[in-house]
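Hi,

Here is the structure I promised to pass on. Have a look at it first, then read on for what turned up.

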Amino acid sequence: MELIDSHCHLERFAQQGELDAVLARAAEAGVGRLITIGTSVDDWPLYQRLVQEHSDRLSWTAGLHPCDVGEDWESQVGQLAQYWQSGPRPVAVGEIGLDRFRLPRDTTEAATLMVRQEKAFQAQLELAKELDMPVVVHSRHAFEACLSMIDLCGFPWERVVFHCFVDGPEALRQLRARGGRASFTGIVTYKSAPEVREACREQGLDKLMIETDAPYLAPVPNRGKPCEPAMLRDTASFVAQELGVSLEELAAQTTANARAFFNLG
Ligand SMILES: [Zn+2]
Ligand SMILES: [Zn+2]
């Protein structure tokens, strides 16, 4: 059985010298490959180097996260394309999108930031189109806005994943109708999240991907503890039960889905 953690952030583990241990525990839990997700110029070079050192276990993506969109966003986005010029290349543009949850209280500041996020999102959708890459979308309190921006951009929906999906079954239906998909974190195991489970059932197995978003969002039974990729197995077991399939079947299908989506070969 092999699982792929389709979305995690390994920066902290690497900085603390824990990466080898984290990778070993992941392997023990059946998590063979990990996709470490870039968020800004601060982690892109690190991830490219990590993938060079651990090409058998790691892949990476590069993108400017909406919460990292600052005044210098244009310069940061301008630096992205170079990572596709020499290896190991990112397997997607991401994570990119809109986050209207963590906005400044001042309404003028909030409006400025929202516009900036939209510009950065659009520029990176265009870049992904040029590079012929899939995108990993981060959307928080911004589902409709993300949807219409992707529609407007004419980006191919089958190359879009909304990661850490929490927007409920109706939103999932809209995503699916367009040809897009969602991936699910440990939140799906939380008692307080029945609508996320409903969305997960609505997604079904055919395009499903799962992720930890480590070091955040540890699944039950480790909720509240620091999350690491090995814990993907708990989410996988839970989702398998939720969808009425065996863990092996869920692993085979989600792994095949992640391989196809990120073109992992
Ligand atoms: Zn995210
Ligand atoms: Zn993330």
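One term before we start: two residues are in contact if their C-beta atoms, placed from the backbone, lie within 7 Å. Keep in mind too that this is a predicted model.

With that in hand, take the contacts in the chain with a separation of 6 or more: 72% of them are between residues 24 or more positions apart.

Now the overall build. The chain has 10 helices and eight strands. Its radius of gyration is 17 Å, close to the 18 Å that the globule rule gives for 265 residues, so the chain is as compact as a globular protein of that length. Along the principal axes, the C-alpha atoms fill a box of roughly 45 × 40 × 35 Å. As for burial, 46% of the 265 residues count as buried.

What about the inside? In soluble globular proteins, nonpolar side chains tend to be buried together. Here the largest nonpolar core has 77 residues, and Val161, Ala236 and Val239 are among those with the most contacts inside it. If you leave aside neighbours within four places in sequence, Val161 touches Val136, Val137, Arg181, Ala182, Ser183, Met209 and Phe261 by the contact rule above.

Ala236 and Val239 also turn up where helix 9 meets helix 10, along with Ser237, Ala240 and Leu243 of helix 9 and Leu247, Leu250 and Ala251 of helix 10. How do the axes of these two helices cross? They come within 9 Å and cross at roughly 105°, so helix 9 and helix 10 are roughly perpendicular to each other. By class, their contact has seven nonpolar residues, one polar and no charged ones.

Cheers

Definitions and conventions: Residues numbered from 1 in each chain as written. Chains lettered and ligands numbered in written order. Predicted model: local features only at pLDDT ≥ 70, side-chain atom pairs only at ≥ 80, totals over all residues. Axes fitted to C-alpha atoms, helices over the stretch in contact; angles between N-to-C directions. Helix = DSSP H or I, 4+ residues; strand = E, 2+ residues; numbered from the N terminus. Parallel < 35°, antiparallel > 145°, perpendicular 65-115°, else oblique. Nonpolar A, V, L, I, M, F, W, Y, C, P; charged D, E, K, R; others polar. Core = buried A, V, L, I, M, F, W, Y, C linked by C-beta atoms within 7 Å. Buried ≥ 20, exposed ≤ 12 C-beta atoms within 10 Å, placed from the backbone. Rg over C-alpha atoms; globule rule 2.2 N^0.38 Å.
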